[in-house]
Amino acid sequence: MSIDYVNQYLTETEHVIRSIDRESIARAIDLLFDLRQSQGRLFILGIGGSAGNASHAVNDFRKICGIESYAPTDNVSELTAWTNDNSFDVIFKNWLLTSKISKHDALLVFSVGGGSSKASYNLVLAMETAKDVGARIVSIVSRDGGAAKKLSDACLLVPVVSEDRITPHAEGWQGVLWHLIVNGISDRSTD
């Protein structure tokens, strides 16, 4: 019955609300507020549905927070050129190097699994590149957090509440959490 599924999904969502680490969210707001104050840039990475979220988030961080923000997936020509000429693994790393990422910048990573040597390795290489130059990293991920949990200055881990619905919960909560962060920065800016 459809209503049973709706109730189950929303019950799982309530569990995420009760379980999510609020301190990590506050740390992400503080980190990105400081980025705004120091006029650093924010690079937002995601693959698949998370790439769509990255594009939307660029709009919000630029328009609402006044943070210079970019997503490499918004430039399909460059992204496919890196893929064709080098490999899918290095697309984000090379894009960040061309963008001259520095210690004044930050990386925001949207990923279901957080990256590993077997999945989303391009995110791992990008985070390592950011770390190498001293850029800060915020991630919104699920599963066990993957490489993002180890490399991030603030890792917002969406708890697994259903093995069958990890991806929809992870990608849906990316939206909830980046909107929370954006509005947290905006509200703090008016204080």
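1. Arg-62 is placed over the face of Tyr-70, 5.4 Å from the ring centre, and Arg-188 is placed over the face of Phe-33, 3.9 Å from the ring centre. A charge is taken to sit over a ring if NZ of Lys or CZ of Arg is within 6 Å of the ring centre and within 35 degrees of the ring normal. The model is a predicted one, in which local features need pLDDT of at least 70 and side-chain atom pairs count only at pLDDT 80 or more, while totals for chains, interfaces and linings use all residues. Residues are numbered from 1 along each chain as its sequence is written, and side-chain values use heavy atoms, with hydrogens and water left out.

2. How many aromatic pairs does a search of the whole structure find? The search finds four, where rings of Phe, Tyr and Trp (its six-membered ring) pair if their centres lie within 6.5 Å, and planes under 30 degrees apart count as stacked, over 60 as edge-to-face and the rest as tilted. One of them joins Tyr-5 and Tyr-9 in a tilted arrangement, with 6.2 Å centre to centre and 45 degrees between the planes. These two residues are four apart in helix 1 (residues 2-19), and therefore separated by about one helical turn; helices (H or I, at least four residues) and strands (E, at least two) are DSSP runs, numbered from the N terminus. Tyr-5 is partly exposed at a relative accessible area of 45%, and Tyr-9 is also partly exposed, at 23%, given that buried means under 20% relative accessible area, exposed over 50% and partly exposed in between (1.4 Å probe, protein chains only).

3. Phe-110 and Trp-178 form a tilted pair, at 5.6 Å centre to centre with 35 degrees between the planes. This pair links distant parts of the chain, since Phe-110 belongs to strand 3 (residues 106-110) and Trp-178 to helix 8 (residues 166-189), 68 residues apart. Both Phe-110 and Trp-178 are buried.

4. Ring pairs also bring Phe-43, Tyr-70 and Trp-95 into a cluster. Within the sheet, Tyr-70 of strand 2 is the bridge partner of Phe-43, and Tyr-70 is again the residue whose face lies under Arg-62.

5. The 16 residues of helix 2 (residues 22-37) should span 22 Å at 1.5 Å a residue, which agrees with the 23 Å between its end C-alpha atoms; the expected span is 1.5 Å times one less than the number of residues. Phe-33, the ring under Arg-188, is among the buried residues of helix 2, which also include Ile-25, Ile-29 and Leu-32. Just after helix 2, Gln-39 takes a positive phi of about 60 degrees.

6. Five strands form an open sheet in the order 2-1-3-4-5, with parallel pairing; two strands pair if DSSP finds at least two bridges between them. Strand 2 (69-70) and strand 5 (154-157) are at the edges with a single partner strand each, so one side of each is left without a neighbour in the sheet.

7. Strand 1 (residues 42-45) pairs with strand 2 over two bridges and with strand 3 over four bridges, where the partner of Leu-45 is Val-109. Both faces of strand 1 are covered, with Leu-42 and Ile-44 buried on one side and Phe-43 and Leu-45 buried on the other.
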